[in-house]
Amino acid sequence: MADKPSVLFVCVHNAGRSQMAAGFLTHLADNAIEVRSAGSAPGDSINPSAVEAMAELGIDISAHSPKILTYDAVESSDVVITMGCGDTCPVFPGKSYRDWVLEDPAGKGVESVRPIRDEIKSRVEALIAELLSAAQTEHAPTLDESATGAQQAMTK
């Protein structure tokens with residue numbers, strides 16, 4: 001994993017679930033994680049109920065637009081989280097793939113989208129904790145490095 005972990009959220013239309021997940025990760029990770037989202041068959045615009053549900057929590061995704069899933073987006077991400085896109089997501093060795101089974105908010109009103117939004121938020125919070133913990137562990141000095149540093153300090 002690079003200095004800054006990267007996550008790609010993928011759903012079919014990149015108009016609801018993946019956009020809400022990207023919005024949460026961007027908002028909650030405070031720039032500590034690189035965020036991407038894409039769709040295997042992107043829609044024309046973001047689901048207005050998803051926009052409204054996120055706005056209720058102070059997160060504005062209204063300027064986002066659906067993007068096509070590319071090999072480059074997958075290849076440059078450490079973690080790829082799919083949300084109902086099936087086998088359309090390219091697979092690269094060394095990537096962490098996860099499938100989040102979530103109801104599709106397409107065609108639903110904001111009342112029906114709120115529980116989906118809340119589930120996504122919960123999963124994103126757990127993902128942040130996992131990725132930032134792993135990043136800190138990777139950058140923590142090993143016992144040998146700590147001992148060497150202490151020995152060098154004592155010989156000065």
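**Close-up views of a predicted model**

At 32% relative accessibility, Gly109 counts as partly exposed (buried is under 20% relative accessible area, exposed is over 50%, partly exposed is in between; 1.4 Å probe, protein chains only). The model is predicted: local features need pLDDT of at least 70, side-chain atom pairs count only at pLDDT 80 or more, and totals for chains, interfaces and linings use all residues. Residues are numbered from 1 along each chain as its sequence is written, and side-chain values use heavy atoms, with hydrogens and water left out.

**View 1. Gly109 and Ser49 are 5.7 Å apart in space, C-alpha to C-alpha.**
In sequence, 60 residues separate Gly109 and Ser49. Gly109 sits in the loop between β4 and α4 (110-139). Helices (H or I, at least four residues) and strands (E, at least two) are DSSP runs, numbered from the N terminus. Ser49 belongs to helix α2 (residues 48-55), where it is buried. Ala50, Val51, Ala53 and Met54 of α2 are buried too. At the start of α2, a side-chain oxygen of Asn47 comes within 2.7 Å of the backbone nitrogen of Ser49.

**View 2. An open sheet holds 4 strands in the order β2-β1-β3-β4.**
The pairing is parallel; two strands pair if DSSP finds at least two bridges between them. β2 (34-39) and β4 (96-99) stand at the edges with a single partner strand each, so one side of each has no neighbour in the sheet. From one strand to the next, the twist averages 20 degrees. Strand β1 (residues 6-11) pairs with strand β3 (residues 79-82) over 4 bridges. Val7 stands opposite Val79 in β3. Helix α1 (residues 17-28) packs on the sheet and touches β1 and β2. The direction of α1 makes about 160 degrees with that of β1 (axes are lines fitted to C-alpha atoms, for helices over the stretch in contact; angles run from 0 to 180 degrees between N-to-C directions).

**View 3. Asp78 is buried yet has no salt bridge.**
A salt bridge is a side-chain nitrogen of Lys or Arg within 4 Å of a carboxyl oxygen of Asp or Glu. Asp78 lies in the loop between α3 (71-75) and β3. A polar atom of its side chain lies 2.9 Å from the backbone nitrogen of Ser6.

**View 4. Leu57 is in contact with Phe24 and Arg117, leaving aside its neighbours within four places in sequence.**
Contact means heavy atoms within 4.5 Å. Leu57 is in the loop between α2 and α3. Its relative accessibility is 38%, so Leu57 counts as partly exposed. Leu57 and Arg117 are 60 residues apart in sequence and 10.0 Å apart in space, C-alpha to C-alpha.

Methods
Lys and Arg count as positive and Asp and Glu as negative; His and the chain ends are not counted. A polar contact is a pair of N or O atoms within 3.5 Å; within protein, one must be able to donate a hydrogen and the other to accept it, and residues adjacent in sequence count only if both atoms are side-chain atoms.
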